[in-house]
Amino acid sequence: MTELVRNYIDGQWVEAKSGATFDSINPATEEVVAPIVKSGVEDLDLAVQAAKRAYAKWRLVPAPRRGEILYRVGQLLLEHKEDLARLMTQEMGKVITEARGDVQEAIDMAFFMGGEGRRLLGYTAPVEMPNKFGMALRDSIGVVALITPWNFPIAIPSWKSLPALIAGNTIVFKPASDTPKLGAEFVRIFAEAGIPEGVFNIVLGPGGPIGNAIADHPDVRVISFTGSTEVGYDLYARAARKGKKVSLELGGKNAIIVMDDANLELAVEAILWSAFGTTGQRCTATSRLIVQKGIRAKLTEALVARTKALKLGYGLDPSVQVGPVVSARAREGIHEYVQIGKGEGARMLCGGEMTGDESNQGKGYFYKPTLFDNVTPNMRIAQEEIFGPVLSIIETEDLDSAIQINNSVAYGLSSSLFTENVNAAFRAIRDLTTGIVYINHGTTGAEIQFPFGGTRGTGNGMREAGQTALDSFTEWKSVYVDYSGRLQRAQIDTDEVLKD
Ligand code: UN1
């Protein structure tokens, strides 16, 4: 049996107060990855208290010094990239090449945010009075809580923790209960990089009670959450009663639009990658294909053939293209949506079946990549997030109707257009109402230097990554220094200035 994975609180690896544990399971083999401490509200409180104490010092560490720790984090992530990637494939199932990409996203973020240590830019502006100076600074906030999902178990914690730390906040981190060991390994890297005690704490265990305690805790000032819309909105409402700042990244229902003039081969590759990469379990995954009439038959035919040929299996085998879904429960949910699609009158072209790893006695929570044709924009499978390998094909007349269909869902994360017509591309860039737009590329693959997030039900207007990430973890402080030696009343004594 592998070693028990513990919480990291105040610089110590500790068990949960209750002594309870649970198992992290490999979804490809159904084997136990590791036993994990099962934390409760009392463990959370210890972590918050530690973070609160550490904040008093950490906020005063000059940001360039904080940045040096982040650079070390980037270096260590690079050194441990392969181990972390292998653990990721084991703990949540994504195939090894994608797991490496997930870690790489965190490495990119560490170096990017390390650089913020020497920027964290504020600004000055002219003021109304003589002998007076004004500036606006970003200020740290305090203890921040990070609640992260299992589908990007290293990248998403990096999007949240690195900007929070560079800005001078301290952290209580609650990773998804499907990927607790990766969460703990992520924190271990920070400990190795020299993060001071209490600055970065992790509490492992099931979300519900801990999430509520985070929303209620008077010493948690900011919550950054990525996960389901349902849980996110509940948390938001609960935290609002305490006046907390909340940043939400929730669901998606992303579409690729393919016009008649598109490069067909390129579109096929992009659709397969965006719909079935990560077994469809990305917030950015393509789950709708909006295709213009003239190219539909050819595109559909190519997609069916290629989808059927995708190799499923344990993602540590480099020839495997599609891993399992994260859990038996997740697989049930996906299968239910497939039944809903059939019931709504959509035509299933392939997939629609639970399966297992044939080379391992049928073990694992696999689901065959599924294509639905004859989908209309209002069907539930075209409106609701499925979070699995299911793609719905919707036919359309022209660009305007394609854009209208794209925009007519409750989410607004990512969209994509395939065309060779530059005018169509720019019209789409203007009119697609998602937070991320791609031209001639699928809906996945955002880079960390740009804002990441979406409109409508995808969030609450905040963005992750890029410099924008700092907005979640800082508050502005405006400073006025009057060195005139007399009372100068803004907005009132302004005419005096010209008289002098
Ligand atoms: C997510 O699915 O929550 O753009 C994150 C992408 C990745 C991140 C996805 N860089 O697909």
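## The shell around the ligand

A residue is counted as near a molecule if one of its heavy atoms lies within 4 Å of it. In this predicted model, the residues that surround the ligand are E105, N151, F152, I156, W159, R282, C283, T284, T444, G445, A446 and F452. Sorted by class, this shell consists of six nonpolar, four polar and two charged residues.

## Polar atoms facing the ligand

E105 places a polar side-chain atom 3.0 Å from a nitrogen atom of the ligand, whereas C283 uses its backbone, with an N or O atom that lies 2.7 Å from an oxygen atom of the ligand.

## Two domains and the place of the ligand

The protein chain is divided into domain 1, which is made of residues 7-250 and 459-478, and domain 2, which is made of residues 254-439. The centres of domain 1 and domain 2, taken over C-alpha atoms, are separated by 31 Å. Because both domain 1 and domain 2 give residues to the shell around the ligand, the ligand lies between them.

## How the domains meet

The size of an interface is often given as the accessible area that is lost when the parts come together. For domain 1 and domain 2 the buried area is about 2100 Å², with 62% of it on carbon and sulfur atoms. In terms of residues, 22 from domain 1 are in contact with 25 from domain 2.

Polar and charged links can be counted as well. Six residue pairs are in polar contact across the interface of domain 1 and domain 2, and the count of salt bridges between these domains is one. R282, which is also one of the residues surrounding the ligand, forms a salt bridge with E98, and their closest N and O atoms are 3.9 Å apart.

Key: Residues are numbered from 1 along each chain as its sequence is written. This is a predicted model: local features need pLDDT of at least 70, side-chain atom pairs count only at pLDDT 80 or more; totals for chains, interfaces and linings use all residues. Side-chain values use heavy atoms; hydrogens and water are left out. A polar contact is a pair of N or O atoms within 3.5 Å; within protein, one must be able to donate a hydrogen and the other to accept it, and residues adjacent in sequence count only if both atoms are side-chain atoms. Ala, Val, Leu, Ile, Met, Phe, Trp, Tyr, Cys and Pro count as nonpolar, Asp, Glu, Lys and Arg as charged, and the others, Gly among them, as polar. Domain bounds come from an automatic or database domain assignment. Contact means heavy atoms within 4.5 Å. Buried area is the accessible area (1.4 Å probe) that two parts lose on being put together, summed over both. A salt bridge is a side-chain nitrogen of Lys or Arg within 4 Å of a carboxyl oxygen of Asp or Glu.
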